[in-house]
Amino acid sequence: MVELLLLLLPVAAASGWYTARRGMASKTQKQPPQIAPVYFKGLNYLLNEQPDKAIDLFIELLDVDSDTVETHLALGNLFRRRGEVDRAIRIHQNLIARPSLNREQRAQALLELGQDYMRAGLFDRAENLFLELTELKLYNEQAYIYLLEIYQQEKEWQRCLDVAEKISESHYPSRPNAVAHFYCELAEQMLSQQNVSAAEGYLKRAQQVQRSNVRALLLQAEIEYTRGDCRSVVKLLQQVEDNDPIYLSEVLPRLVECYKKLGRQPELFEYLQQLYQRHHCTEAMMILSEMIVEKEGEGAAVDALLRHLEETPDLKGLERLVRLNLQRSEESPKEALEVLLISVMKLLEKQPAYQCDHCGFTAKKLHWHCPSCKTWGEIKPQQGLTRSFKANALT
């Protein structure tokens, strides 16, 4: 209640001053202004915890003209930022209803009311207001950005594409990245409907917009895998290294599977070694350690893991190392290793597998669209223990 009082006191003061000023328009400036009695009535409503009556009173006092439009907008804005959306809506609706507004002022009020509706989850009403703004050709960029947010919430991907084309990169710098993901979303919808041809068309467009888009490669690789074309899968997934090597952990299981189906294990071993030398990828070392056990024995695999952990500390490598030592150990140290293994596994369960490079949101599964900051393609697999963002959420 104290916060609300502090919020409305300036408005009340302005209302009293404004009313008194109008009442003295015909008097000389030497006479001191008198505060209108209705000002004290408004304060009384506030002190008696009747904020809605106070708001109604102050809105009535502040006649809408060129001097007071900004006051209404600011008041509504403050309520929305405080989470009191119903009050913000009332103030902005009252503003729009006034016939004295000029074209620019009405557009500004529509923009604010649209944001109120979005905050309240009334997306259909917000959409109508933003569309009206685009027809008025005022605040176009802002209106299109809010429309884009609405269509993303509603998963209207074709509408997202239509709107994104109308937004300049100066207002939406990540547009190519987002557009590529819109095409990928449409491709996934087509795949769910067994329309592979249409899906491939959308994936082709995604890569035309953003050649480095990893998601499009992964989806195309899955299409080739369902066709049984392991050679194409290998070729596609190897491109991920050039596009964004942080996603190697996502592609290596499928890549290894296809190499083995093609009977190219020696080539796979050499490829993984080169991959690890270039990127120190934990997932590559996990697969290499299994292959080293088969080729050279457990001791050689332990040595490889120890070198890996010296350069790239991570829990997955530690877990693998403990497991290998358990297989080789005598009875006495074995108990200690089992306790250590359980501890590492518990730490791994708590560690998020993915993190957003933009806001720090963490997750257990890969999201292409960050649930927190709404950016596209910024959630990446975790590597080692070096990521610096604090966990915001786990999903």
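**View 1. Y354 stands opposite A363 in strand β2 of this predicted model.** Strand β1 (residues 354–356) pairs with β2 in the antiparallel sense over 2 bridges, where strands are DSSP runs of E of at least two residues, numbered from the N terminus, and pairing requires at least two bridges found by DSSP between two strands. The open sheet has 3 strands in the order β2-β1-β3, with antiparallel pairing. Because β2 (362–363) and β3 (379–381) stand at the edges, each with a single partner strand, one side of each is left without a neighbour in the sheet.

**View 2. The largest nonpolar core has 89 residues.** Such a core is a set of buried (under 20% relative accessible area, 1.4 Å probe, protein chains only) Ala, Val, Leu, Ile, Met, Phe, Trp, Tyr and Cys residues joined through side-chain atoms within 4.5 Å. F130, F182, L252 and L272 have the most contacts (heavy atoms within 4.5 Å) inside this core. Helix α10 (residues 175–192) supplies its largest share, 9 residues. A second, separate core of 6 residues includes Y354, F361, A363 and C370.

**View 3. L272 touches L252, A284, I287, L288 and M291, not counting residues up to four places away in sequence.**

**View 4. pLDDT (the predictor's confidence in each residue, from 0 to 100) stays under 50 over residues 24–30.** For this stretch the model has 4 contacts beyond four places in sequence. Residues 386–395 also have a pLDDT below 50, with 31 contacts in the model beyond near neighbours in sequence. Where pLDDT is low, the predicted coordinates should not be read in detail.

**Notes.** Residues are numbered from 1 along each chain as its sequence is written, and side-chain values use heavy atoms, leaving out hydrogens and water. In this predicted model, local features need pLDDT of at least 70 and side-chain atom pairs count only at pLDDT 80 or more, whereas totals for chains, interfaces and linings use all residues.

Technical notes
Helices (H or I, at least four residues) and strands (E, at least two) are DSSP runs, numbered from the N terminus. Buried means under 20% relative accessible area, exposed over 50%, partly exposed in between (1.4 Å probe, protein chains only).
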